[in-house]
Amino acid sequence: MLTYTTYSEAGGVGKTTLSANLARAHADHGHRVLVVDLDPQDGCLSYLLGVDGDRSDGDADTIVHHMIDRGDDFDGLVRTTEGIDVVPSHNMLERLGDLLEKAASIAEQTGESFSKYGRLRHVLAANDVPENYDVLIVDPPATSGPHLYNAIHATRSLVIPVEPSGKGGESITGLESVVAGIESNLDIDVGVLATVVNRFEGTNDQRAVLDEVTDMPYSNPITLRKRSSLFEGCWAKQCSAFRYVDEYRDRERDHERQTLDKLDELAAHLEERGGL
């Protein structure tokens with residue numbers, strides 16, 4: 001099974017857009033794909049793919065309920081779109097840290113085992129996700145905390161989009177120490193499947209960042225050019241770039257087709273690294 005968390009210390013680098021489109025590419029390759037959206041923000045992957053209808057429903061069963069052993073049927077959480085199964089985000093994720101602390105305290109008092117950062121992995125294993133899917137992608141918020149740690153604990157691998165700017169270059173410089181810190185905090189080994197320079201426009205400063213990324217000991221199979229019109233259209237229509245080009249463009253644009261081909265290439269690269 002191929003499992004990874006899309007991760008970046010920097011916000012606004014296209015992390016969620018990359019997650020959604022890689023999920024669609026994996027599905028197009030014939031794989032069974034599950035995406036778990038752990039980002040409590042409104043502009044999350046669930047919104048992008050149009051499956052966030054229950055996010056403010058206080059009576060809805062959510063992934064948070066399952067992580068604190070209060071969930072109903074796991075299959076009832078799943079929404080399907082474009083051949084992708086999604087466990088959607090919910091407003092309750094904003095309280096995930098507090099709820100995990102309370103559940104851990106109760107477990108301690110009753111002598112039960114409870115790992116705050118291993119809860120998502122536990123839920124997925126208990127509901128046969130490794131047997132029922134080929135690809136698992138978890139999309140957490142960028143900030144450190146229980147959402148990110150549960151995502152990485154469940155997947156053990158990262159795909160890292162990089163903004164070709166001074167901020168993006170700085171985040172790359174500290175990447176090795178960040179990965180080491182996560183491994184130490186969670187007491188697990190974490191692999192970097194790929195780094196992806198995103199929104200590249202070819203300026204000299206951006207080329208310097210690209211050179212930095214290329215020199216790092218991580219795979220960097222593609223570079224994505226800036227495609228504002230394409231990806232803003234995806235958010236407006238709530239769909240992947242593949243669906244957007246197929247259904248909402250009146251004619252095919254070569255530069256957008258090239259972007260889809262690169263996303264497809266990246267998905268295939270990750271599948272090869274994951275042994276699919």
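Analyst: Gladly! This is a predicted model. Let's begin with helix H1 (residues 15-28) and helix H12 (residues 241-248), which pack with their axes 8 Å apart at an angle of about 75°.

User: Why are H1 and H12 called roughly perpendicular to each other?

Analyst: Angles of 65 to 115 degrees count as roughly perpendicular. The angle between H1 and H12 is about 75°, and therefore the two are roughly perpendicular to each other.

User: What makes H1 and H12 meet, in terms of residues?

Analyst: Contact means heavy atoms within 4.5 Å. On the H1 side, Asn 21, Arg 24, Ala 25 and Asp 28 take part, and they meet Ala 241, Phe 242, Arg 243 and Asp 246 of H12. By class, this contact has four charged, three nonpolar and one polar residues.

User: How do you know which residues line the largest pocket, and which are the closest to its centre?

Analyst: A lining residue has an atom within 4 Å of a pocket point. The largest pocket holds about 470 Å³ of space, and 26 residues line it, with Val 13, Gly 14, Lys 15, Thr 17 and Arg 199 the closest to its centre. H1 gives the largest share of that lining, five residues.

User: What makes up the lining of the second largest pocket, by class?

Analyst: Ala, Leu, Ile and Phe are among those that count as nonpolar, while Asp, Glu, Lys and Arg count as charged. The lining includes Ile 68, Leu 99, Phe 114, Asp 69 and Lys 102, and it divides into six nonpolar, one polar and five charged residues. Helix H4 (residues 96-110) supplies the largest share, five residues.

Technical notes. Residues numbered from 1 in each chain as written. Predicted model: local features only at pLDDT ≥ 70, side-chain atom pairs only at ≥ 80, totals over all residues. Heavy atoms only, no water. Axes fitted to C-alpha atoms, helices over the stretch in contact; angles between N-to-C directions. Helix = DSSP H or I, 4+ residues; strand = E, 2+ residues; numbered from the N terminus. Parallel < 35°, antiparallel > 145°, perpendicular 65-115°, else oblique. 1 Å grid on protein atoms, 1.4 Å probe; cavity = no way out; pocket = protein on both sides within 12 Å on 5 of 7 lines; lining within 4 Å. Points joined across faces, edges and corners; volume = space filled by probe spheres on them.
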